Amino acid sequence: MASSAYDQSIRNSLVSKGIDNSKIGYSNGYVTVDGTNFQKADKNYNGTAFTNANNFNNAWNVYSQGLNKAPAPAVAPSGMVGVRSSLQSSGYDPNSIGYNNGMVTVNNQPFVTPSANAGGSAYVSPSTYNSALGNFRIGDLTNQVVNNTKLPDNSYTPQIDQLMKQLQDFSENQQAVDPYSTPEYAAYQAQADRRASQGVRAAQESLGSAGFGRSTALGERSQSIQNDQTEYLETQVIPQIIAANQAKRQQDYGNLMSLLSPLMSQQGYADNRAQTELGNVINALGAVTSEQQRGLDNSRADAALTGNYLTPDQRSAIDTLLALKQQAESPTATRQQRSAISDRADTVRSQLQALGIDPTAFGANVSSAQAEQAGVGRTLQGQQLDQQTQNQTFNQGMATRQQDFAEGQQAWENNYSDAQFKLNKQIQTGQLSIQQANALMSQAESLGYVTPQLAEATGLTEGAQFLNSQQFDLQKDNAAWDQEKAIADAQAKAAQNLTPQEYAKSYVNPIVQRDDDNNITNKNEVIATISNGQYSDAEMDKLFRQYGITDADVEVYRKTYSGN
């Protein structure tokens with residue numbers, strides 16, 4: 001019976017099945033092969049994912065069946081680029097690109113979290129890739145600069161130090177040379193002794209043949225010969241030996257000095273080369289940083305023109321959600337895959353909310369097509385532009401209604417004058433009494449339209465409106481427009497998280513209109529503004545009482561604008 005203990009390493013088991021260790025990763029609780037979920041770990045301990053034999057065999061069978069199927073061609077998510085191929089195009093060695101714990105790596109360093117994985121390939125949007133590439137290069141170059149602020153050890157420096165010590169010792173330790181103990185002196189002395197001996201022998205032979213072999217002259221001659229040789233040694237040989245030794249020492253010193261110059265030149269060349277290389281890295285860092293800053297400046301310029309701005313992190317999260325939606329909507333996605341995609345999407349939505357973006361527009365019930373049209377990231381300038389557009393639409397609507405009213409007023413005045421003229425004529429001819437004529441006019445004015453009786457008497461179009469009715473409709477329409485504007489203003493400002501009193505002070509007080517007795521004359525507008533402050537019923541009731549608005553006032557407002 002198979003053991004149920006979770007004591008089998010999933011990675012080791014995959015390697016034993018022939019899976020390359022470099023293809024095995026870990027992401028969101030799943031051990032992955034080529035970036036695709038293989039099996040969810042039953043236990044994690046010291047960074048290792050474990051399962052039991054039965055669960056591993058089941059996962060392996062599913063994986064093997066997938067290998068035997070003809071794989072569908074990988075389709076890049078819409079608007080995205082492959083991370084690996086883009087890195088290779090940017091000059092990175094394919095062997096330096098990896099995948100670990102849900103992230104694409106370069107030289108074992110985190111590069112980017114992919115927004116989507118398809119067919120074992122990681123994808124992100126072009127803007128996310130460019131941002132990640134810029135950040136990675138800046139980090140890499142910065143490390144090179146920080147780690148190379150000290151010049152590398154120069155191999156010529158120890159040689160120069162040793163040579164300088166030799167020169168110093170040479171100059172400080174000038175030892176006198178004893179010329180009498182030199183080999184040169186010994187050689188000259190031996191030569192002088194031979195010459196002296198030869199001279200004495202020649203003198204002996206010469207004086208001896210003359211009969212003076214034992215005379216004092218021979219002794220004097222012999223001493224003279226010996227003195228000449230000694231004088232030669234002292235006056236000729238000794239100075240030469242001393243001069244030769246001094247010349248040799250000077251030559252040795254000069255030789256050492258001649259070595260010092262090229263060594264120092266090589267030392268300077270090596271130092272300059274190291275400094276040049278560091279300067280090149282610093283220049284490259286400046287260029288990459290400037291390029292990244294240019295991208296940020298362009299984003300801000302676009303934001304100023306369009307009124308939309310998203311930080312790189314916000315953009316990346318949205319791209320990830322869009323890619324996940326596309327994957328979930330794929331007809332080939334399995335239920336298990338959709339469940340995993342949903343879990344990851346929930347995590348990304350939480351991240352997006354933490355980044356300050358309402359994730360509602362990217363909810364699970366929103367299609368990818370709808371999510372792509374979501375207008376998120378509106379800047380303050382963009383919101384102001386939206387408000388200006390709303391105000392312009394409102395003003396245009398008011399102008400149209402005023403024009404319609406003016407035209408209606410003119411038509412009524414014509415009808416009213418015509419009716420009066422025709423009724424007066426009938427009074428004069430005795431067809432109608434004054435009381436009858438007044439009754440017809442009063443009835444039409446009260447009802448707001450031309451009655452059948454008035455139409456019959458005057459020939460006016462039956463049902464045509466009279467002034468009182470038109471005035472009522474215009475007042476109602478104006479009140480509705482005022483209410484809509486108050487609602488729009490309130491909804492635009494309620495998100496500022498103000499307390500009820502702060503809200504009232506900032507947005508209710510400025511619109512309140514009072515008569516000479518300090519009574520509010522535009523209660524409906526005040527009610528609309530308070531109602532759209534998004535506060536609880538108790539808080540709104542407190543504000544209503546603060547402005548002297550009764551339950552009856554609120555009921556009238558509701559009936560007026562609800563149509564009931």
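Gln 314 lies in helix H8, which spans residues 312–328. The structure considered here is a predicted model, and the descriptions below refer to that model. The relative accessibility computed for Gln 314 is 9%, and the residue is therefore classed as buried, the cut-off for this class being under 20%. When neighbours within four places in sequence are set aside, the contacts of Gln 314 are Tyr 309, Leu 352, Leu 355 and Ile 357.

Helix H8 also packs against helix H4, which comprises residues 126–146. The angle between H4 and H8 is about 135 degrees, and their axes are 9 Å apart. The two helices are therefore oblique to each other, and the crossing of H4 past H8 is left-handed. On the H4 side, the contact is formed by Ser 127, Thr 128 and Ser 131, which meet Pro 312, Arg 315, Ser 316 and Asp 319 of H8. By class, the residues of this contact comprise one nonpolar, four polar and two charged.

A further element of the model is the hairpin of strands S2 and S3. Strand S2 covers residues 24–27 and strand S3 residues 30–33; the two run antiparallel and are joined by four bridges. Within this pairing, Tyr 26 has Val 31 of S3 as its bridge partner. Two residues separate the strands of the hairpin, in which Asn 28 adopts a positive phi near 50 degrees.

Notes: Residues numbered from 1 in each chain as written. Predicted model: local features only at pLDDT ≥ 70, side-chain atom pairs only at ≥ 80, totals over all residues. Heavy atoms only, no water. Pairing = 2+ DSSP bridges. Buried < 20%, exposed > 50% of the residue type's maximum accessible area, 1.4 Å probe, protein only. Contact = heavy atoms within 4.5 Å. Axes fitted to C-alpha atoms, helices over the stretch in contact; angles between N-to-C directions. Parallel < 35°, antiparallel > 145°, perpendicular 65-115°, else oblique. Left-handed = near helix turned anticlockwise from the far one by under 90°. Nonpolar A, V, L, I, M, F, W, Y, C, P; charged D, E, K, R; others polar.
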